[in-house]
Amino acid sequence: MRRVQERHPRGAAGAAALTAIGVLFAGGCQRPADPMQKKRNDMVESQIAARGIRDPRVLEAMRVVPRHLFVPPTEAASAYDDRPLPIGSGQTISQPYVVAFMAEQLRLTGNEKVLEIGTGSGYSTAILASLAARVYSIEIRPELSQEAKERLLKLGVKNVELRAADGYRGWPEQAPFDAILVTAAPETVPPPLLEQLSASGRMVIPVGAFYQELKVIKRQGGGYTEKSVLPVRFVPFVGEAEGVPPPPRDPATSR
């Protein structure tokens, strides 16, 4: 999909992503095709809006993106519960509130280029795609990256590019990024990710070992500001961040 130009309406690519998902899963005016819509509405009202999430675009994305399609079939009945769920390969999909909270902290308006570290099942990627102009997402496990690619293609989400690689060094050839979202916890913030933030960019990242804090890092005036906003528990950031050589990149999982 062509990058959004200044002449396009604000948030055109993200709106197109949300529309594509909505057309496939929201159904017609008379009879909704998605039996999970009520569960999504209830999830947003009781788990997300009730806890203080106010960004209307984030709330709408959480209502539309079919979370049950981003978990294994055996977990689909629990997809809208207030808890993380396993997605295979020892990884999890975060609880809905945490996904919404992290997205809101990025303060996306629809024109941004976003880097996501940790594609997982692709659920957070789909949320980001509905909120930003373009999303670049890296997943260290090739099997998860490929599965996420197939899901997003079926949903008609075109403003994303996926890569199977170690996310420690980010995606330098596409930098700088207006926003970076990290969905696994390193013990310290990877310097290459800080360097790939734009002049006024924001990063949302969990940091720590056993005790973790979700941090919002902003690039300002040649330096960075950092604020802890939520205690969290994420899977560890593996690969180069822990001194392990990264796996070879699989070009078949990029698009």
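Because the structure is predicted, local features were required to have pLDDT of at least 70 and side-chain atom pairs pLDDT 80 or more, whereas totals for chains, interfaces and linings use all residues. Residues are numbered from 1 along each chain as its sequence is written, and side-chain values rest on heavy atoms, with hydrogens and water left out.

Across the whole structure, the search returned 11 salt bridges, a salt bridge being a side-chain nitrogen of Lys or Arg within 4 Å of a carboxyl oxygen of Asp or Glu. One of these links Asp 34 to Arg 40, with an N to O distance of 2.6 Å. Both Asp 34 and Arg 40 are buried; here, buried means under 20% relative accessible area, exposed means over 50%, and partly exposed lies in between (1.4 Å probe, protein chains only).

Helices (H or I, at least four residues) and strands (E, at least two) are DSSP runs, numbered from the N terminus. Lys 38 and Asp 42 form a salt bridge at 2.8 Å, N to O. Both sit in H2 (residues 37-48), and because they are 4 residues apart there, about one helical turn separates them. In general, an α-helix has 3.6 residues a turn, so residues three or four places apart point the same way. Lys 38 is exposed, at 57% relative accessibility, while Asp 42 is partly exposed at 36%. Asp 42 can also be placed relative to Tyr 80, which is 38 residues away along the chain: their C-alpha atoms are 8.6 Å apart.

A further salt bridge joins Arg 63 and Glu 45, at 3.2 Å from N to O. Since Arg 63 belongs to helix H3 (residues 56-64) and Glu 45 to helix H2, this pair ties together parts that are 18 residues apart in sequence. Through salt bridges with shared partners, Glu 45, Glu 60 and Arg 63 are joined into one network. Arg 63 is partly exposed, at 23% relative accessibility, and Glu 45 is likewise partly exposed, with a relative accessible area of 44%.

Attention now turns to helix H4. This helix (residues 96-105) is mostly covered, with 10 of its 10 residues buried. Among them are Tyr 97, Phe 101 and Met 102, together with Glu 104 and Gln 105. Following H4 comes Arg 107, which has a positive phi near 55 degrees.
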